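I opened the file and kept notes on what I looked up. The entries follow in the order in which I made them.

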Amino acid sequence: LGAFLLATLSSGTTERQALTGMIAGLAAMTMVWGWALPIAFTWYVFIGAGVTMTVAWTLRLVHRKHSAT
């Protein structure tokens, strides 16, 4: 879901940024599930997609600032 939202809402995100975001989302969800945090399973999609989008957008902003200098 996070990758779909990235493609829909952000046209400037590269494949590498999206893939890094998805890996970060997978890592976050592994921690949430592995530590058995008291979070209802219905929030898992929101957390994973949110982490994916946040990491990819952050990388996009960093790359954009790096390219501008």
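**Notebook: a residue in a helix, then the rest**

I began with Thr52 and found that its side chain reaches the backbone oxygen of Gly48 at 2.8 Å. The side chain of Thr52 also reaches the backbone oxygen of Gly21, at 3.4 Å. I used the rule for polar contacts: a pair of N or O atoms within 3.5 Å, where within protein one must be able to donate a hydrogen and the other to accept it, and residues adjacent in sequence count only if both atoms are side-chain atoms.

Before going on I noted that this is a predicted model, in which local features need pLDDT of at least 70 and side-chain atom pairs count only at pLDDT 80 or more, while totals for chains, interfaces and linings use all residues. Residues are numbered from 1 along each chain as its sequence is written, and side-chain values use heavy atoms, with hydrogens and water left out.

Is Thr52 buried or exposed? I noted Thr52 as buried because its relative accessible area is 6%; buried means under 20%, exposed over 50%, and partly exposed in between (1.4 Å probe, protein chains only). Thr52 sits in helix 3. Leaving out residues up to four places away in sequence, I listed what Thr52 touches: Gly2, Ala3, Leu6, Gly21, Met22 and Gly25. Contact here means heavy atoms within 4.5 Å.

Next I looked up the helices. The chain has three helices and zero strands; these are DSSP runs numbered from the N terminus, helices being H or I with at least four residues and strands E with at least two. Helix 3 covers residues 44-68, and Val45 lies in it.

I then checked the loop between helix 2 (15-34) and helix 3, where Ala36 has its place. Phi of Ala36 is near 50°, a positive value in a residue other than glycine. Ala36 counts as exposed because its relative accessible area is 61%.

How many aromatic pairs does the structure hold? I found one. The rings of Trp43 and Phe46 have centres 5.7 Å apart and planes at 80°, so I wrote the pair down as edge-to-face. The rule takes rings of Phe, Tyr and Trp (its six-membered ring) with centres within 6.5 Å; planes under 30 degrees apart are stacked, over 60 edge-to-face, and the rest tilted. Trp43 is partly exposed at 48% relative accessible area, and Phe46 is exposed at 57%.

Last, I noted that 25% of the 69 residues of the chain count as buried.
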